[in-house]
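Here is a short report on one protein chain. Please look over the sequence and the structure first, then read on.

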Amino acid sequence: MNGEMSNAVSLSELESYFSEDYYHFGDVVNPPETSDRQAGAIWNLLSLAQGSSVLELGCGYGRITNRLAEKGARVSGLDISPTLLKKAEADAAERGVNVEYVLGDMRSLPWRDRFDAVFLWYTTFGYFDDADNGRVLREAASSLRKGGRLLIDSANRFAFLRRESPIYVVQRNDDLRIDIMSNDVLSDRRNLERIIVRDGCVRRTQLSFRQYGFSDYVRMLRSAGFETVEAYGQEGGAFTTSSENLVVIACK
């Protein structure tokens with residue numbers, strides 16, 4: 001893959017990527033026990049309690065959001081995909097939890113000074129250019145009450161740079177999802193080409209996201225109005241250069 005994927009992702013590209021095909025392979029990529037464990041990690045990292053008001057940006061089909069609601073949080077979720085939001089609402093109804101799901105753009109949020117915590121999980125931050133990624137952080141800060149926390153889970157670019165460009169294959173029955181990953185070292189973006197082979201059809205989508213280091217996050221988050229910024233590894237462990245993920249927690 002080359003430079004045509006180095007630019008920010010458009011809303012139409014996001015909607016195309018986060019489609020019913022994305023949902024179809026969801027439980028294979030993240031089985032229920034994985035989602036249970038991740039929801040528990042988020043609960044602890046954000047110091048949530050019964051009745052905490054929480055917003056997930058890029059909530060997808062609600063695999064984390066609905067689990068936090070089951071734990072007793074008052075949860076809202078925002079996503080650009082109407083298809084995935086319908087799946088999230090159906091899952092919430094099946095679990096018997098009440099979650100506010102909103103179709104929208106994380107660069108322009110309808111809430112102010114409302115939440116105890118906001119989080120972006122599973123590499124949901126970085127789709128846009130630097131200016132719009134900064135807008136996401138400022139909007140998150142505006143939606144938080146004083147003392148509220150923001151959590152961002154992202155890929156650790158240092159770990160990825162040491163690898164060859166990987167290809168991941170996921171299979172569900174006779175259906176295949178093939179992900180071809182590459183790194184653009186000039187734009188600091190990770191690029192993904194996804195090939196879906198399903199129901200006798202082949203579909204291709206693309207996604208790109210900016211890879212920020214911890215010092216980048218500190219600069220951007222303080223500019224957005226956060227006072228403290230901390231780094232953790234995957235699901236809350238210590239962060240090192242070999243960590244698969246960088247989890248950033250900022251306090252307003």
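Are Phe125 and Tyr217 buried or exposed? Both Phe125 and Tyr217 are buried. Note that this is a predicted model.

## Aromatic pairs

The count of aromatic pairs comes to 11. One of them joins Tyr17 and Tyr22. Their ring centres lie 6.1 Å apart, with 50° between the planes, and the pair is tilted. Tyr17 is buried, as is Tyr22. Phe125 and Tyr217 form another tilted pair, at 5.9 Å centre to centre and 40° between the planes. This pair links distant parts of the chain, 92 residues apart. Phe125 sits in the loop between E4 and H7, while Tyr217 belongs to helix H9, residues 214-223.

Ring pairs also build a cluster. Its members are Tyr17, Phe18, Tyr22, Tyr23, Tyr61, Tyr127 and Phe128.

## Charges over rings

Two contacts of a charged end with a ring deserve a look. The charged end of Arg63 sits over the ring of Tyr122, 5.2 Å from the ring centre. For Lys71, the ring is that of Trp43, and the distance to the centre is 6.0 Å.

## Positive phi

Tyr122 is not a glycine, yet its phi is positive, at about 65°. Tyr122 lies in the loop that runs between strand E4 (115-120) and helix H7 (130-143). Its relative accessibility is 36%, so Tyr122 counts as partly exposed.

Asp199 counts as exposed because its relative accessibility is 61%. A glycine case follows helix H9: just after H9, Gly225 takes a positive phi of about 115°.

## The largest pocket

The largest pocket holds about 1,200 Å³ of space. Its lining has 49 residues. Nearest its centre lie Tyr22, Val29, Asn30, Tyr122 and Thr123. Two of these names have come up already: Tyr22 pairs with Tyr17, and Tyr122 has the positive phi of about 65°.

What classes of residue make up the lining of the largest pocket? The lining has 26 nonpolar, 11 polar and 12 charged residues.

## The second largest pocket

About 260 Å³ of space lies in the second largest pocket. It is lined by 15 residues, and those closest to its centre are Tyr23, Asp27, Tyr61, Asp91 and Arg95. Tyr23 and Tyr61 also belong to the aromatic cluster.

Which helix gives the most? H6 does, with 5 residues. By class, the lining of the second largest pocket has 4 nonpolar, 3 polar and 8 charged residues.

## Buried charged residues

Asp21 lies in helix H2. Its relative accessibility is 10%, which is why Asp21 counts as buried; the cut-off is under 20%. What does the side chain of Asp21 contact? It makes a polar contact with the side chain of Arg203, at 2.7 Å.

Arg194 is a residue of strand E8. Arg194 counts as buried because its relative accessibility is 5%. The side chain of Arg194 makes a polar contact with the side chain of Asp179, also at 2.7 Å.

Which residues of H9 are buried? They are Asp216, Tyr217, Val218, Met220 and Leu221. Tyr217 is the partner of Phe125 in the tilted pair described above.

Val75 is found in strand E2, residues 74-79. At 4% relative accessibility, Val75 counts as buried. Val75 and Trp121 are 46 residues apart along the chain, and their C-alpha atoms are separated by 14 Å.

Note on methods: Residues numbered from 1 in each chain as written. Predicted model: local features only at pLDDT ≥ 70, side-chain atom pairs only at ≥ 80, totals over all residues. Heavy atoms only, no water. Helix = DSSP H or I, 4+ residues; strand = E, 2+ residues; numbered from the N terminus. Buried < 20%, exposed > 50% of the residue type's maximum accessible area, 1.4 Å probe, protein only. Phe/Tyr/Trp six-rings, centres within 6.5 Å; stacked < 30°, edge-to-face > 60°. Lys NZ or Arg CZ within 6 Å of the ring centre and 35° of its normal. 1 Å grid on protein atoms, 1.4 Å probe; cavity = no way out; pocket = protein on both sides within 12 Å on 5 of 7 lines; lining within 4 Å. Points joined across faces, edges and corners; volume = space filled by probe spheres on them. Nonpolar A, V, L, I, M, F, W, Y, C, P; charged D, E, K, R; others polar. Polar contact = N/O pair within 3.5 Å; in protein donor to acceptor, adjacent residues only side chain to side chain.
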